[in-house]
Amino acid sequence: AESVAAAATDLPSLKAAIESFDGCDLKKLCNKTVVYAGTIGAPVMVLGEGPGGNEDQIGLPFVGKAGQLLDKMLTAIGLDRKANTFISNVNYWRPPGNRNPDKDELAVCRPFVNRMVALAQPKVIIAAGGVAAKSLLDTTTGIMRLRGSERPFTTPAGTEVPMFPMFHPAYLLRRSQDKSRAWRDLLLVQERLREMGVEV
């Protein structure tokens, strides 16, 4: 995965490399490889945990109910996947029964995730949910403690990007009482972008 990812010179070639990659057993169990959606060159990158049922059928990330909520959350701070947001996951194939991807599955995908960040050069990363946040930060700390503050994310190539862990939209659909916390996290992203002089 590392050599295949390193050979990609832009996001479309990385997407093709991921789609043709056969090193993850999950690929045999799902319908489609789900790589990315949104705007190439966008200042904001959202990384979720992986495809669900809707995403596996359509081949795009965050297209089900959780994706619709994500779009509303982004819109609230001036973000839109059609204009200034790039969306992907830390795993590209739906695990059976929508279970969380395991450590080995995440590890296989990680070189592609790192290369995607290096090629996309986002100003800010939003890590949506505990699986994505813990994987990206290589920590066992839960999302409740990770969210609410900026965390540095650095790829092996030395690309460093401020990252904001927050609740996954699917979690917020189940626990609407935590939407106020998610709103505060979104405002942190908005404030950081303004500090950088990024117009959204």
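# Exercises on packing in a predicted model

Phe21, Tyr92, Trp93 and Phe112 are linked into a cluster by ring pairs (rings of Phe, Tyr and Trp, the last by its six-membered ring, pair if their centres lie within 6.5 Å; planes under 30 degrees apart count as stacked, over 60 as edge-to-face and the rest as tilted). The model is predicted: local features need pLDDT of at least 70, side-chain atom pairs count only at pLDDT 80 or more, and totals for chains, interfaces and linings use all residues. Residues are numbered from 1 along each chain as its sequence is written, and side-chain values use heavy atoms, with hydrogens and water left out.

**Exercise 1. State how many aromatic pairs the structure holds, and describe the pair of Tyr36 and Phe86.**

Step 1. The number of aromatic pairs is 5.

Step 2. Tyr36 and Phe86 form a tilted pair, with 4.8 Å centre to centre and 40° between the planes.

Step 3. Tyr36 belongs to strand 1 (residues 36-38) and Phe86 to strand 3, so the pair ties together parts that are 50 residues apart in sequence (helices, H or I of at least four residues, and strands, E of at least two, are DSSP runs numbered from the N terminus).

Step 4. Tyr36 is buried at 10% relative accessibility, and Phe86 is buried at 2% (buried means under 20% relative accessible area, exposed over 50%, partly exposed in between, with a 1.4 Å probe and protein chains only).

Step 5. Tyr92 and Trp93 form another aromatic pair, edge-to-face, at 5.9 Å centre to centre and 90° between the planes. Tyr92 is buried at 0% relative accessibility, and Trp93 is buried at 0%.

**Exercise 2. Work out which residues of helix 4 are buried and where they lie on the helix.**

Step 1. Within helix 4 (residues 65-75), the buried residues are Ala66, Gly67, Leu69, Leu70, Met73 and Leu74.

Step 2. Viewed down the axis, the buried residues of helix 4 fall within an arc of 160°, so they line one face of the helix (the arc is that of the directions from the helix axis to the C-beta atoms).

Step 3. An α-helix has 3.6 residues a turn, so residues three or four places apart point the same way.

Step 4. Lys65, Lys72 and Thr75 are exposed on the face of helix 4 turned away from its buried side.

Step 5. The cover over the buried residues includes strand 2 (44-48), strand 4 (124-128) and helix 9 (179-195).

**Exercise 3. Describe the surroundings of Arg147.**

Step 1. Arg147 is in the loop between helix 7 (143-146) and strand 5 (151-154), and is buried at 13% relative accessible area.

Step 2. Not counting residues up to four places away in sequence, Arg147 touches Pro165, Met166, Phe167, Arg181, Arg184 and Asp185 (contact means heavy atoms within 4.5 Å).

Step 3. Arg181 lies in helix 9 and is partly exposed at 31% relative accessibility.
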